[in-house]
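Please work through each task before reading its solution.

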Amino acid sequence: MFYCAYNFLSVFLLIPVVCYHLYRSISRGRPPALAERFGYIPGAELSAIRNRPVIWLHAVSVGESIAARPLLKALRSRYPEHAILVSNTTETGRGTAAAFPEKDLCIYFPFDFLPAVRRTLDAIKPELVIIMETEIWPNFTREAASRNIPVILANGRISDRSFARYLTFSWFFRQALQLFSRLCMQTETDCERIVAIGAPLGCTVKTGNLKYDIPLRQVDQGEKSRLKEQYSIPDGMPVLIAGSTHAGEEQLVMDAYRQLLPILDELFLVLVPRHPERAAEVASLLERAGIPFRRRTSLPCPEKFKKGNVLLVDTVGEMMNLYVVSDVAFVGGSLVPTGGHNLLEPASLGIPSVFGPHMSNFREIAELVLQYGAGVQVDSPQGLTESCRALFANGELRRVLGQNGLKLMRDNGGATERHMEVIAEYL
């Protein structure tokens with residue numbers, strides 16, 4: 001009865017969903033790829049996986065794609081005879097995943113509309129489906145189960161903010177959760193929450209957070225200098241990066257930058273909006289503030305940046321390189337109530353981080369960063385200014401925080417292998 005009602009409603013919901021995707025794609029200057037979302041994948045692309053057993057990994061957007069990278073590397077190493085297909089929901093996620101050498105094919109995930117799901121599964125014929133974090137689609141999981149295709153939830157988490165919402169609609173999610181073969185959750189709390197929503201207790205296992213398995217890289221000065229040259233940043237300039245910023249944060253970062261310049265007159269700022277389509281909006285803020293800037297897409301150019309300038313990043317897939325050239329990283333989504341972003345990326349490079357009070361989506365990671373002394377949490381824009389001033393004034397303090405970040409990563413890794421033990425039961 002549930003699935004009959006769900007599919008009846010999906011017919012009517014399909015029109016606003018399609019309109020939303022069209023608007024989103026056109027407004028961001030990207031092709032909507034509606035055919036692919038309805039399961040029409042060109043034969044030329046499918047040739048990359050044809051006549052091979054397929055492992056299908058789905059990662060919604062950029063964050064999930066980056067978190068999946070250690071798992072993709074392990075899958076490629078351990079199952080070289082398999083084809084690896086990666087699907088995404090967002091355009092930015094697709095852009096990130098498309099650059100991964102481990103994958104054989106990258107597609108958009110189908111709408112959870114039964115004909116689209118069936119057409120996609122018919123075309124791909126996966127041996128195993130791995131879904132990153134908490135993507136729950138009733139038609140997809142039911143159709144996979146009807147074909148005896150195991151579906152594993154990887155790196156699962158239920159944030160504080162979303163738990164109440166999932167509980168309210170547990171009658172909806174329970175139907176799909178019951179069909180997952182295994183649910184690999186990050187923490188015991190996540191295990192308890194997914195069971196409360198409706199997952200079978202015996203199928204749930206704590207495997208840790210894949211994000212701790214980001215490869216460690218202690219950045220040497222030679223690598224930093226080469227990348228600074230690529231970004232037209234003078235080699236001697238100290239760099240503050242504001243990564244994954246959201247609406248409202250760029251203005252706060254710009255205000256902090258202007259307050260810091262009289263004290264640290266060589267300081268250089270890199271602004272990286274979480275969604276690159278907001279670059280025009282951020283560019284307008286910089287213009288109104290009278291701050292000279294260049295977009296990433298205008299580089300390289302023969303003339304290097306000058307002090308007081310800003311690099312505005314309007315591309316995807318470069319965050320780790322941008323962290324490499326930085327000396328201090330402000331991780332966005334944390335000064336505004338968005339829930340924060342991944343502090344482990346700068347930590348894996350030995351770069352100290354500064355972040356705001358809103359870290360509900362990364363609570364465990366934020367607590368560990370503070371416990372290890374790998375970063376500084378501030379409660380206000382003025383706190384951001386003061387913490388950056390202190391860090392740039394003290395190279396030894398930056399070094400210690402960076403080393404602490406590397407130690408945090410070494411001490412908390414291992415989630416990839418625990419996931420692989422579960423995956424091996426189905427391949």
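On a 1 Å grid over the protein atoms alone, a cavity is a set of points where a 1.4 Å probe fits but cannot get out, while a pocket is an open set with protein on both sides within 12 Å along at least five of seven lines, and lining residues have an atom within 4 Å of a point. Points are joined across faces, edges and corners, and a volume is the space filled by probe spheres set on them. The model is predicted, with local features needing pLDDT of at least 70 and side-chain atom pairs pLDDT 80 or more, whereas totals for chains, interfaces and linings use all residues. Residues are numbered from 1 along each chain as its sequence is written, and side-chain values use heavy atoms, without hydrogens or water.

**Exercise 1.** Describe the largest cavity and its lining.

Step 1: the whole structure holds one cavity of 30 Å³ or more, and the largest cavity contains about 30 Å³ of space.

Step 2: its lining consists of Leu-240, Ile-241, Ala-242, Val-253, Ala-256, Leu-269, Phe-330 and Leu-384.

Step 3: strand S8 (239–245) and helix H12 (249–260) each give two or more of these residues, where helices (H or I, at least four residues) and strands (E, at least two) are DSSP runs numbered from the N terminus; S8 gives the most, with three.

**Exercise 2.** Which element gives the most to the lining of the second largest pocket?

Step 1: this pocket has about 830 Å³ of space, and among its 27 lining residues Tyr-6, Val-17, Phe-111, Asp-112 and Trp-137 are the closest to its centre.

Step 2: helix H1 (2–27) and helix H9 (170–177) give two or more residues each, and H1 gives the most, with eleven.
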